[in-house]
Amino acid sequence: MILESLKAALEKSDRQKLALVGIPDDANSTFLRGAAEAPPKIRAQLFSDAFNMWTETGVDLGEDVLLDAGDLDLGEVPDAWAAIQHAVEAVLDHGLTPICLGGDHAITWPIVKGFRRKYDTLSILHFDAHPDLYDNFGDNPRSHASPFARIMENHLADRLVQVGIRTANGHQRKQARRFGVEMIEMRELTGDLSLAFDSPVYISVDVDGLDPAYAPGVSHPEPGGLSPRQVIDTIQRLDGRIVGADIVEVNPRRDFHDLTAVVAAKIVKEVAAKMLVHA
Ligand code: MN
Ligand code: MN
């Protein structure tokens, strides 16, 4: 049923190359709910009359480029995980590059499952304060504390690079070694970060990777974080082909003046511009 309305939206695609899909799910958050309310908030800023649709790099993200496929209605579905995966597959089958608006970070696991069906090789660039590598958090395998453990143990990605980490404990460091995760911790981040990937790249942005000064509207604010400039520069400098992205963990219940929704919309724009280089 939810796929019907998504497919109807996708049918309207013509020349567009990118599709925006909201995934309003925060059922697997461990501390605070609210991230499910983020997609309309981010979308409102993205399309606000306060801003234009041009990216810093000179790309016009108008209607000819970006299809807004709406939010998935996950309210009545028996298995949200299967629905998310199938929605992503439907977007990819339409030849569109998905940009998913969360939701909490748990949704990245079913999204990447959908990507793996299409891509034999896949790298993930993950911005976050947290490694999200818990083997077991609260006996919920779908916890937003665990998506990258699930992704790596199921071989859904060949390479995982994490940027902005500043909460890794002993268990998560062990998990990172077990999976060969390239963890670029906040404390060792100096100067410009230039990353190169020889396989298609999926970008996952947890906005709590940003310093809470820039992104206060999150469930787990962790001081000492990235600036929006550092995230954008890393994306603009990236050497590789970006095939999909999500931006997650905006919690409007904790936000001030929609600041976090604004910064999320800004990052969406610059990720979209980078996607179009190879789309
Ligand atoms: Mn996360
Ligand atoms: Mn986080």
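The largest pocket of this predicted model has a volume of about 240 Å³. Of the 14 residues lining this pocket, His130, Asp132, Tyr134, Ala145 and His220 are the closest to its centre. On a 1 Å grid over the protein atoms alone, a pocket is an open set of points with protein on both sides within 12 Å along at least five of seven lines, and lining residues have an atom within 4 Å of a point. Grid points are joined across faces, edges and corners, and a volume is the space filled by probe spheres set on the points.

The second largest pocket has a volume of about 170 Å³. Its lining comprises 13 residues, and Gly95, Thr97, Tyr119, Arg241 and Ala279 lie nearest the centre.

A cavity is a set of points where a 1.4 Å probe fits but cannot get out. The count comes to 1 cavity of 30 Å³ or more, and the largest cavity has a volume of about 40 Å³. Lining this cavity are Ile99, Val205, Ala245, Asp246, Ile247, Ile267, Val268 and Val271.

The linings divide by class as follows, with Ala, Val, Leu, Ile, Met, Phe, Trp, Tyr, Cys and Pro as nonpolar, Asp, Glu, Lys and Arg as charged, and the others, Gly among them, as polar.

| Space | Lining residues by class |
|---|---|
| Largest pocket | 3 nonpolar, 7 polar, 4 charged residues |
| Second largest pocket | 7 nonpolar, 3 polar, 3 charged residues |
| Largest cavity | 7 nonpolar, no polar, 1 charged residues |

Residues are numbered from 1 along each chain as its sequence is written. Totals for linings use all residues, whereas local features need pLDDT of at least 70.

Terms used. Chains lettered and ligands numbered in written order. Predicted model: local features only at pLDDT ≥ 70, side-chain atom pairs only at ≥ 80, totals over all residues. Heavy atoms only, no water.
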